[in-house]
Amino acid sequence: MAETALPVGRARRTYLVRPLTTPSALRPYLEPQRPYAAFAIAHLAPRLFPLSRFFLCQGEDGGWGIVFYARSGAGPSLLTLGEAEAVEAGLRLHPGPRYSFATCRPEHLDALRRHFLLSRERLMYRMGVTADGFRPPPPAGPTYQVVRLRPREIGAVNRLYGAEGGFTSYPARVLEEGVYYGVVAAGRLVAIAGTHVFAPEEGVAVVGNVYTHPDWRGRGLATLVTGAVTQELLRSCSNVYLTVETENAAAVQVYRKLGYRVECTLYETPALRREPLGLLSLLRRAAARWRGRSLGAEVVVL
């Protein structure tokens, strides 16, 4: 008798989901992907670790994923790591706050779409530089002054970031906790670069928030401020990273000139949780805890 041609359903997989609460338990998962996981690695530092939550999702076949949340810096953030299906298991139970800024690998994008509305799906490069590879920017010249920005300058910083009409309200502490440099021209702050995270304890920092006023673009100011921030960070961090859209050839070229190299691809996007009140994930967690009550973990079956 011939065998049936009917499709065979995919075998269901079981995942154990539990929080990891010590940096030593997390390092073996994060360090092998240091460029991509830089933001999460920074949160292993003692001053940042209390502001973070890590959930490990382990499959019965040894596959794993990590869902990471932080409430440091300018707002809530999310990062996913590992196998896509394991990430899905974690997000089903722990989708995090209603709004976050999400970082994911390309293979995680479908899982994030199921749980969040993503407003900026553009492929990006994660680029990195070390002290050996860094090439300082050229001198600023007499027209521009490159300065380290301090909390007292937060008003000028928010005015610059809001120059194209958007409302910006960075708290002053981001200038105190991070490293920000600006270009001053004709008495105005006209370009800026800073950090998403800065953790010399872990030897890692991520540069971000690079912006030049529209009236001052095309004059190499982004190179000056990014170079100044990078140079300062490399005094205390062995690895400095940043993220740039793959289609932004001009910016990629600027960063290459400073010595940055492409390490991997990822997505960074504002993420709005699809479930407004979080009731469904609450019910899923209750069921997962009941299933895993004898294991000390939450159990998800996909």
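**Close-up 1. Arginine 105 and arginine 293, each placed over an aromatic ring.** In this predicted model, the charged end of arginine 105 sits over the ring of tyrosine 36, at 5.1 Å from the ring centre. Arginine 293 lies over the face of tryptophan 290, at 4.0 Å from the centre of that ring. A charge is taken to sit over a ring if NZ of Lys or CZ of Arg is within 6 Å of the ring centre and within 35 degrees of the ring normal. Residues are numbered from 1 along each chain as its sequence is written, and side-chain values use heavy atoms, with hydrogens and water left out. The model being predicted, local features need pLDDT of at least 70 and side-chain atom pairs count only at pLDDT 80 or more, whereas totals for chains, interfaces and linings use all residues.

**Close-up 2. Arginine 126 in strand β7.** Strand β7 spans residues 123–129 and contains arginine 126; helices (H or I, at least four residues) and strands (E, at least two) are DSSP runs, numbered from the N terminus. Arginine 126 counts as buried because its relative accessibility is 2%, where buried means under 20% relative accessible area, exposed over 50%, and partly exposed in between (1.4 Å probe, protein chains only). The side chain of arginine 126 makes a polar contact of 3.4 Å with the side chain of glutamate 268. Such a polar contact is a pair of N or O atoms within 3.5 Å; within protein, one must be able to donate a hydrogen and the other to accept it, and residues adjacent in sequence count only if both atoms are side-chain atoms. Not counting residues up to four places away in sequence, arginine 126 touches a set of residues that includes Pro35, Tyr36, Tyr241, Arg261, Cys264 and Glu268, contact meaning heavy atoms within 4.5 Å.

Close-up 3. The side chains of glutamate 121 and arginine 113 make a polar contact of 2.6 Å. Leaving aside neighbours within four places in sequence, glutamate 121 is in contact with Leu109, Arg113 and Tyr267. The C-alpha atoms of glutamate 121 and tyrosine 267 are separated by 6.6 Å, although the two residues are 146 residues apart along the chain.

**Close-up 4. Aromatic pairs.** Eight aromatic pairs are found in a search of the whole structure. The rings of phenylalanine 49 and phenylalanine 54 form a stacked pair, because their centres are 6.0 Å apart and their planes stand at 20°. Rings of Phe, Tyr and Trp (its six-membered ring) pair if their centres lie within 6.5 Å, and planes under 30 degrees apart count as stacked, over 60 as edge-to-face and the rest as tilted. Phenylalanine 49 counts as buried at 16% relative accessibility, and phenylalanine 54 is buried with a relative accessible area of 2%. The rings of tyrosine 144 and tryptophan 216, by contrast, have centres 6.3 Å apart and planes at 75°, so this pair is edge-to-face. That pair links distant parts of the chain, 72 residues apart, with tyrosine 144 in the loop between β7 and β8 (145–148) and tryptophan 216 in the loop between β11 and α7 (221–233). Both tyrosine 144 and tryptophan 216 are buried. Elsewhere, ring pairs link Phe39, Phe49, Phe54 and Phe68 into a cluster.

Close-up 5. Within helix α5 (residues 154–161), the buried residues are Ile154, Val157, Asn158, Leu160 and Tyr161. Seen down the axis of α5, these buried residues fall within an arc of 160°, so they line one face of the helix; the arc is that of the directions from the helix axis to the C-beta atoms. The buried residues of α5 pack against α6 (173–177), β10 (188–199) and β11 (204–212). Asparagine 209 lies in strand β11, and its side chain is joined by polar contacts to the side chains of tyrosine 170, at 3.2 Å, and tyrosine 180, at 2.9 Å. Leaving aside neighbours within four places in sequence, the residues in contact with asparagine 209 include Tyr161, Ile192 and His196.
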